[in-house]
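Work through the exercises below with the sequence and the model at hand. Each task is followed by a solution in steps.

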Amino acid sequence: MNLKGKKILYIAPRYFNYGIKIKEEMEKFGGNVIWINSNIRDTSRYNSFVYKYIDSKKEKLRDKYYQQRIPKNFDADIVFVIKGETLTCDIMNRIKDENPNAIYIMYQWDSSKAEPNAIKLQNFFDKVVTFDYEDSVKYGWIYRPLFYVQGSSKLWVNRKNDVATIGVVHSERIKLLHKLQLFCKNNKLNLFHHMYCTFLGYYKCKYLTRDSAYINAKHSEISHKSLNLKDTYNIYSNSKIVADYTYPGQTGFTMRTIECLGNQCKLITNNSYIKLADFYSPDNIYIYDINNFNIPKEFVEKPFTKLDKSLTQKYSLNAWVEEVLSFEKC
């Protein structure tokens, strides 16, 4: 794909720097990219406060935010939206007025159950792509799983973590962590974990609102420092098996699932839809039941089975950008 000379208006959240990596990849293809961070809460303390506590001011804040950032006279060739959680129909109409000749493409890396705004926005786009299998069937969107940014060259047998699990604190993730701790202790395996929550958020949820996710978590199990992309990929390169948790109702594969593929980590997951994936192999992927948790000994001991290079390349960021942005108007 050649984007040389193409002007791209790119609206997406930063989200652990994945948004930046996608922008950089489009620029490698030759695109002239203007990026608007759609996570308004990310952009200032004031915006974060309004979004969290003052519902009556959200609409005005959104309108002003996009009005200040939608470029005038840019006349984009492509308007590329990821998630679009803060976009409204009025804002989309404003974008259309400024970019009447553009091809409009939207990618969803959340399910419509978690992010229903996508359903309201879909008619503004020439092409809608989703990571969620059920959404692709229900709405006629194109199904395309996520990507990995970089791969690990470290040999699987030389990695120090037998099992690793990372994520934001959630009651089921804490439950999974406790199951893994017991399993690894009984089988003399090394477990690495990183469960993230802000310091204030942890104490508020544990002692004031008494959220079950936090009541069952020990303070020693929680980190108040978030992982950046470099830290995350360092964990992958040092881990043999990664344990993942998919939220109920989501059929799409998490970013962690695809990153395991790219970094040659074996995966345990509760997402049974993984059996539909072209990269699925029972040697590399085990589907667990959180209420009847066990990992077969032979799965733990058997090394990662390498897949065909073309299959691994298919899920790289480079291939993802090329597939998602490819579109020809009739």
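**Exercise 1.** Is Phe16 buried, partly exposed or exposed?

*Solution.* The model is predicted, so local features need pLDDT of at least 70 and side-chain atom pairs count only at pLDDT 80 or more, while totals for chains, interfaces and linings use all residues. Residues are numbered from 1 along each chain as its sequence is written, and side-chain values use heavy atoms, with hydrogens and water left out.

Step 1: take the cut-offs, with buried meaning under 20% relative accessible area, exposed over 50%, and partly exposed in between (1.4 Å probe, protein chains only).
Step 2: the relative accessible area of Phe16 is 39%, so Phe16 is partly exposed.
Step 3: check the backbone, where Phe16 has a positive phi of about 55° without being a glycine.

**Exercise 2.** At what angle do the axes of H1 and H14 cross, and which residues make the contact?

*Solution.* Step 1: two packed helices are described by the angle between their axes and the distance between the axes.
Step 1: the axes of H1 (residues 18-28) and H14 (residues 317-325) come within 10 Å and cross at roughly 75°. Axes are lines fitted to C-alpha atoms, for helices over the stretch in contact, and angles run from 0 to 180 degrees between N-to-C directions.
Step 2: H1 is therefore roughly perpendicular to H14 (65 to 115 degrees).
Step 3: Lys21, Ile22, Glu25 and Met26 of H1 meet Leu317, Asn318, Trp320, Val321 and Leu325 of H14, contact meaning heavy atoms within 4.5 Å.

**Exercise 3.** How many helices and strands does the protein chain have, and what is its radius of gyration?

*Solution.* Step 1: the protein chain has 14 helices and 12 strands.
Step 1: its radius of gyration (over C-alpha atoms) is 21 Å, close to the 20 Å that the globule rule gives for 330 residues, so the chain is as compact as a globular protein of that length. The rule is 2.2 Å times the number of residues to the power 0.38.
Step 2: buried residues are 50% of the 330.

Key:
Helix = DSSP H or I, 4+ residues; strand = E, 2+ residues; numbered from the N terminus. Parallel < 35°, antiparallel > 145°, perpendicular 65-115°, else oblique.
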